[in-house]
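Here is a brief report on one protein model. Look at the sequence and the structure first, then read on.

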Amino acid sequence: MSATDVLKNVAGHAQRSSNGVMQISESVFRKNFNKSSFIFEHNLSDRPAFSTERLENLLELTIPHPELLYWDAGEKRIDQRWNEKPGRDFSAQEAFRRIRENGAWIILFGASRDPEIAELLDATMEQVRELSGYDLFKDLKTRDAYIFITAPHRVTTYHIDFQCGFLLQLRGAKELHVFDQTDRENLPEVELEKFWTKDTNAAIYKPQFENRAKVVQLIPGIGAHIPVNAPHWLKNGDDISVSLSLNFQFKNSVLANIYRTNYYLRKMGLQPTPPGVSAFRDGLKGHGMNIPVEAAKMLKKLKGKKAESRI
C-alpha cells in the first residue's frame, strides 16, 4: 500500500475521533482492537520531544541503564535469529551520530523517562481505554514507550511480541508487513507454546506465506496497531527513520499458562488442545496449574491412556 493509499484509507473512515493522539473511527477501533491490524492518523510528528537534540539527550540518559538500551549495526535478513545479530564494535553514541552510514538500529526502551513522552503515553492509553469501551487498565500488567531509530534500508526481522502495540511513524518512512495472529499455518501452536514458555524468538518466517501479510507504508503522521502475537517485520526507507511504539502488556496469566501447559504436555508426547477449543480444559490449564509441576501431575493421572488423546 502506497503512502497516498494509506492517507486515503485513513481519511475514508467516517466519524473519526480527533480528541487525542490518534484520529480513528471508534467503530473501526472497537471492531479490530487486538484482533486485526489497522492504521490511523496521529499528531505527534512535530512534537519537540522527538527532535534530534532531544533524542540524543534521551540516549545519554539511557546509557547508564543498559537494560533500557539496545543497538547493533549491519545488514539483517527477515528471517534472522537473535543469536545471529550484527555486531556493534562502537558506542551507542557513535551509532546514533553516524546512523546514516553504519546501518544501525537503536531502541530506547523506557522512553517515558522523558516527561513529555510520559504524558503522551498516558494520554494515548486513556484514549485507548475510551475507544475500547471498557476499563482496559484493570487488565494491564505494564505499559511503556519505545523509540526506534533506524538506518536507511535496515530490516527489522520477523517476530511476535507479548505486547499490544501502536507504532507511530515520526520521521522517515518504513514498510510494515503484519500477519494475522490466528493463522495457524503461518504461526503454529508449537511456536506460540515455545514463545510463551522459553523463547521469544520462536516465531519462524515462512516466505511461502508472505502474500498473506498486510503491507502498509508508514509515513510521518501515520501509525499502525499491532495485536498481541501478530507476526510482523519491517523494512526502512531511503532515510533515517524515527518511530514511537506506545505499547502495553495484558496480565495474560491465563493465556500464558495455557500455552506453557501445552508446551510441557507436548514435550511429554501428548497432543494438547489449543486455547479456545475447550473452556473446561482452558480453565484447568489457565487457573489451576503451577507450571510445570502440575503438568507433570496431570501426566501421572493420565498414565495408561493413549498418547494421542487430546488434553
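Which residues does E116 touch, not counting residues up to four places away in sequence? They are R47, P48, A49 and R54. This is a predicted model. E116 is found in helix 6. The C-alpha atoms of E116 and R47 lie 9.2 Å apart, although 69 residues separate the two in sequence.

**Nonpolar cores**

The largest nonpolar core holds 63 residues. Inside this core, I147, F166 and F248 have the most contacts. Helix 6, residues 115–132, gives the most to the core, with 6 residues. There is also a second, separate core of 18 residues. I107, L176, V216 and I222 are among its members.

F248 deserves a look of its own. Leaving out residues up to four places away in sequence, F248 touches F33, M125, V128, L136, L140, T142, R143, Q163, C164 and F166.

| Core | Residue count | Residues including |
|---|---|---|
| Largest nonpolar core | 63 residues | I147, F166, F248 |
| Second, separate core | 18 residues | I107, L176, V216, I222 |

Four strands form an open sheet, in the order 7-12-9-10. Their pairing is antiparallel. Strand 7 (155–159) and strand 10 (214–218) are the edge strands, and each pairs on one side only. On average, neighbouring strands of the sheet are turned by 15° against each other, direction ignored.

How many bridges join strand 7 to strand 12? There are 3, and the two strands run antiparallel. Strand 12 covers residues 232–236. Within strand 12, K235 is the bridge partner of V155.

Terms used. Residues are numbered from 1 along each chain as its sequence is written. This is a predicted model: local features need pLDDT of at least 70, side-chain atom pairs count only at pLDDT 80 or more; totals for chains, interfaces and linings use all residues. Side-chain values use heavy atoms; hydrogens and water are left out. A nonpolar core is a set of buried Ala, Val, Leu, Ile, Met, Phe, Trp, Tyr and Cys residues joined through side-chain atoms within 4.5 Å. Buried means under 20% relative accessible area, exposed over 50%, partly exposed in between (1.4 Å probe, protein chains only). Contact means heavy atoms within 4.5 Å. Two strands pair if DSSP finds at least two bridges between them. Axes are lines fitted to C-alpha atoms, for helices over the stretch in contact, and angles run from 0 to 180 degrees between N-to-C directions.
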